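Hello,

Here is the model I promised to pass on. My notes on it follow below.

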Amino acid sequence: MKKKIMAAVMTAAMVAGLAGSTASVYAAEDTITVGFSQVGAESDWRTANTESMKSTFSEENGYELIFDDAQQKQENQLTAIRNFIQQEVDYIVLAPVTETGWDTVLQEAKDAGIPVIIVDRMVDVSDDSLYTAWVGSNFKLEGQKAMAWLDAYLEAKGRGDEEINLVDIQGTIGASAQIGRTEGFDEAVEAHENWTTLAQQSGEFTQAKGQEVMESILKQSGDDIDVVYCENDNEAFGAIDAIEAAGYEVGGEEGQILVMSFDTTNAGLTETLAGKITLNTECNPLHGPRVEEIIQKLEAGEEVEKQAYVDEVAFASDDTVTSVTIEDQDYEITPITQEIIDGRAY
Ligand code: GYE
């Protein structure tokens with residue numbers, strides 16, 4: 001867009017010169033064009049993420065944002081990126097649906113001299129010079145925290161030696177958020193002789209699919225399920241509906257089905273406060289300002305971190321377990337309150 005903007009600036013300059021005002025000239029000259037390829041609108045987390053990007057890259061902040069919703073399809077993201085290249089945007093921001101399959105299109109962006117910033121999920125590319133920077137969450141650590149909490153929680157409830165049957169409703173297969181959270185789950189199940197994975201299936205990060213998957217698992221082994229590990233809040237909402245409709249109770253006590261989740265959206269934490277989601281591990285979607293900081297540094301010719309993780313916490317429905325330790329590092333688990341929910345932005 002640079003060339004077109006410069007032309008506009010010159011025209012505006014001439015007009016402004018005549019009108020005796022230069023305000024619009026500066027505004028146009030400074031405009032940074034950002035093409036953002038968003039995964040879709042599959043979850044509350046995603047909506048909060050889109051909102052954060054749109055409010056950051058606004059006209060009044062000096063940006064022109066070209067937003068593309070890929071409806072959870074990589075082919076749509078490839079098309080969007082190629083369109084951004086054609087439009088000669090200043091920056092491409094990509095929230096990739098899955099990790100693989102990006103080498104060719106990112107090479108095209110690189111050849112066009114357009115910096116690419118990856119946000120949220122990661123890309124798995126053979127050459128990391130194909131993107132400029134990445135900012136997002138440590139999804140494996142999120143999974144590890146959740147499972148360390150489960151271990152401590154069952155222990156505290158006197159169920160440490162009991163046979164525990166778990167279900168994992170996974171995210172979109174191949175997405176970093178799925179890969180990391182599933183790894184955290186699998187490693188913990190493997191480390192416990194008395195824990196068994198009854199079912200492990202994708203709910204595609206949506207409420208509808210989460211419910212559908214849970215319904216079919218309940219039909220097969222409803223009476224045996226102790227724990228349902230949902231890889232995001234929306235899947236948890238669907239799973240809870242399915243569990244209750246099948247006549248079971250959700251919650252942390254023996255005889256109930258314990259539901260765990262990720263994202264800590266407002267709706268998710270409300271279910272945590274209600275005791276329906278016993279642990280909700282944070283995943284922060286407010287990446288707009290973080291991406292903007294990277295762009296501003298690049299504009300100023302400064303170095304940027306290649307990969308940056310966001311700090312995150314976890315909230316439990318009660319205070320049975322208030323911290324967990326992973327690789328010698330302590331992580332706080334906060335009992336949820338209405339004040340905490342009210343004070344959060346998403
Ligand atoms: O957990 C889920 C969303 O990639 C972290 O994607 C993100 C995940 C998030 O659909 O709700």
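Helices (H or I, at least four residues) and strands (E, at least two) are DSSP runs, numbered from the N terminus. Buried means under 20% relative accessible area, exposed over 50%, and partly exposed in between (1.4 Å probe, protein chains only).

Before the rest, the ground rules. This is a predicted model: local features need pLDDT of at least 70, side-chain atom pairs count only at pLDDT 80 or more, and totals for chains, interfaces and linings use all residues. Residues are numbered from 1 along each chain as its sequence is written, and side-chain values use heavy atoms, with hydrogens and water left out.

Back to helix 7. The helix has 16 residues and reaches 22 Å from its first C-alpha to its last. That is close to the 22 Å expected at 1.5 Å a residue (1.5 Å times one less than the number of residues). Its buried residues are Ser176, Ala177, Gln178, Gly180, Arg181, Thr182, Gly184, Phe185, Ala188 and Val189.

**Strands 6 and 7**

Strand 6 (residues 164-170) and strand 7 (residues 195-202) run parallel, joined by seven bridges. Two strands pair if DSSP finds at least two bridges between them. Val167 has Ala199 as its bridge partner in strand 7. Helix 7 (residues 176-191) carries the chain from strand 6 to strand 7, and this β-α-β crossover is right-handed (clockwise from the first strand over the helix to the second, with the strands pointing away from the viewer).

Ala175 sits in the loop between strand 6 and helix 7. Ala175 is buried, at a relative accessible area of 0%. What does Ala175 contact, leaving aside its neighbours within four places in sequence? Val97, Thr98, Arg121 and Phe205. Contact means heavy atoms within 4.5 Å.

Six strands make an open sheet, in the order 2-1-3-4-5-11, with parallel pairing. Strand 2 (63-69) and strand 11 (307-309) stand at the edges; each has a single partner strand, so one side of each lacks a neighbour in the sheet. On average, neighbouring strands are turned by 15° against each other, direction ignored. Axes are lines fitted to C-alpha atoms, for helices over the stretch in contact, and angles run from 0 to 180 degrees between N-to-C directions.

Strand 3 (residues 91-94) pairs with strand 4 (residues 116-119) in the parallel sense, over three bridges. Leu94 is partnered by Ile118 in strand 4. Helix 11 (residues 288-299) packs on the sheet. Helix 11 touches strand 1 (32-38), strand 2, strand 3, strand 4 and strand 5 (133-136). Its direction makes about 160° with that of strand 4.

**Salt bridges**

The whole structure holds 16 salt bridges (a side-chain nitrogen of Lys or Arg within 4 Å of a carboxyl oxygen of Asp or Glu).

- Arg46 and Glu42 meet at 2.9 Å, N to O. Both are buried.
- Arg121 bridges to Asp120, with the closest N and O atoms 4.0 Å apart. Arg121 is buried at 2% relative accessible area, and Asp120 is buried at 4%.
- Glu162 bridges to Arg159, with the closest N and O atoms 3.1 Å apart. Glu162 is partly exposed at 25%, whereas Arg159 is buried at 6%.

Salt bridges link Glu42, Arg46, Asp120 and Arg121 in a network.

Best wishes
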